[in-house]
Amino acid sequence: RKEESIQQRSASLLNDDTAFAVVEAYKAARTNIIFALGTSKGCKRIIITSANPGEGKTTTTLNLAIAFAQMDAKVLVIDGDLRKPRVYRHLQLERKGGLSDILCDLIDVKEAIHHCENHGIDCITSGQIPPNPAELLGSEAMGKLLDYLSETYDYIFIDTPPVTIVTEASVMAKYVNGVIVVARQNYTIHESLIKARENLLFAKAKILGYILNDI
């Protein structure tokens with residue numbers, strides 16, 4: 001069952017066998033994101049969040065990153081979910097030696113970057129589960145880390161926990177160009193989405209748009 005679950009996660013990522021309609025949907029999302037970002041120069045940093053767990057934000061984060069990498073952009077994915085990380089499972093990487101370890105000065109950032117040849121992207125996993133995830137992600141160290149990584153990458157996508165459950169996406173909003181909210185067909189309720197929007201706007205986040213998943 002574990003092997004089957006790993007295969008299912010891997011198969012959910014864009015590849016040569018992905019249905020044409022799915023590929024085109026991510027390309028359309030990519031184009032809309034580029035327009036939403038406007039004429040801002042330099043590395044674009046984007047948070048992907050959702051209102052609730054189970055809405056597909058991690059899969060969406062990775063597939064958007066892959067879609068951007070397919071136009072020869074240099075792309076990094078950061079697993080900013082330091083509570084229930086998922087990115088490492090999708091990419092079949094080790095979780096340890098990641099973001100939390102960098103922010104606590106346990107390892108150098110260069111040691112934490114994985115290159116995923118199959119997908120054309122780089123990744124920093126979550127690292128060890130810390131007792132204070134929101135404080136770490138909203139810290140000055142996080143801002144400096146993103147500034148450093150922005151010298152190398154064209155796009156940085158950050159997967160974060162649901163914004164109505166915890167504050168991580170909100171506290172990191174000051175360090176990014178914008179936020180994308182993932183909703184799921186026949187799953188997300190309007191009240192949750194409204195609450196997610198309110199939380200982000202209260203944090204003065206720029207909402208780039210919404211992606212409706214699992215149609």
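**Exercise 1. Find which residue stands opposite Arg45 in β5, and describe the sheet around this pair.**

*Solution.* Start at Arg45: Ile156 in β5 is the residue opposite. This is a predicted model, where local features need pLDDT of at least 70, side-chain atom pairs count only at pLDDT 80 or more, and totals for chains, interfaces and linings use all residues. Residues are numbered from 1 along each chain as its sequence is written, and side-chain values use heavy atoms, leaving out hydrogens and water.

Next, look at the two strands. β1 (residues 44–50) and β5 (residues 155–159) run parallel and share 5 bridges. Strands here are DSSP runs of E with at least two residues, and helices are runs of H or I with at least four, numbered from the N terminus; two strands pair if DSSP finds at least two bridges between them.

Now step back to the open sheet: its 7 strands follow the order β3-β4-β2-β5-β1-β6-β7, with mixed pairing. β3 (113–116) and β7 (207–213) each have a single partner strand, so one side of each lacks a neighbour in the sheet.

**Exercise 2. Work out which residues of α8 are buried, and on which side of the helix they lie.**

*Solution.* First, list them: Met142, Gly143, Leu145, Leu146, Leu149 and Ser150 are buried. Buried means under 20% relative accessible area, exposed over 50%, and partly exposed in between (1.4 Å probe, protein chains only).

Then check the directions from the helix axis to the C-beta atoms, which define the arc.

**Exercise 3. Find the salt-bridge partner of Asp147, and say whether each residue is buried or partly exposed.**

*Solution.* Recall the rule: a salt bridge needs a side-chain nitrogen of Lys or Arg within 4 Å of a carboxyl oxygen of Asp or Glu. Asp147 meets this rule with Arg45, the closest N and O atoms being 2.5 Å apart. The pair links helix α8 to strand β1, 102 residues apart in the chain.

Finally, compare the accessibilities. Asp147 has 44% relative accessibility, so Asp147 counts as partly exposed. Arg45 has 12%, so Arg45 counts as buried.
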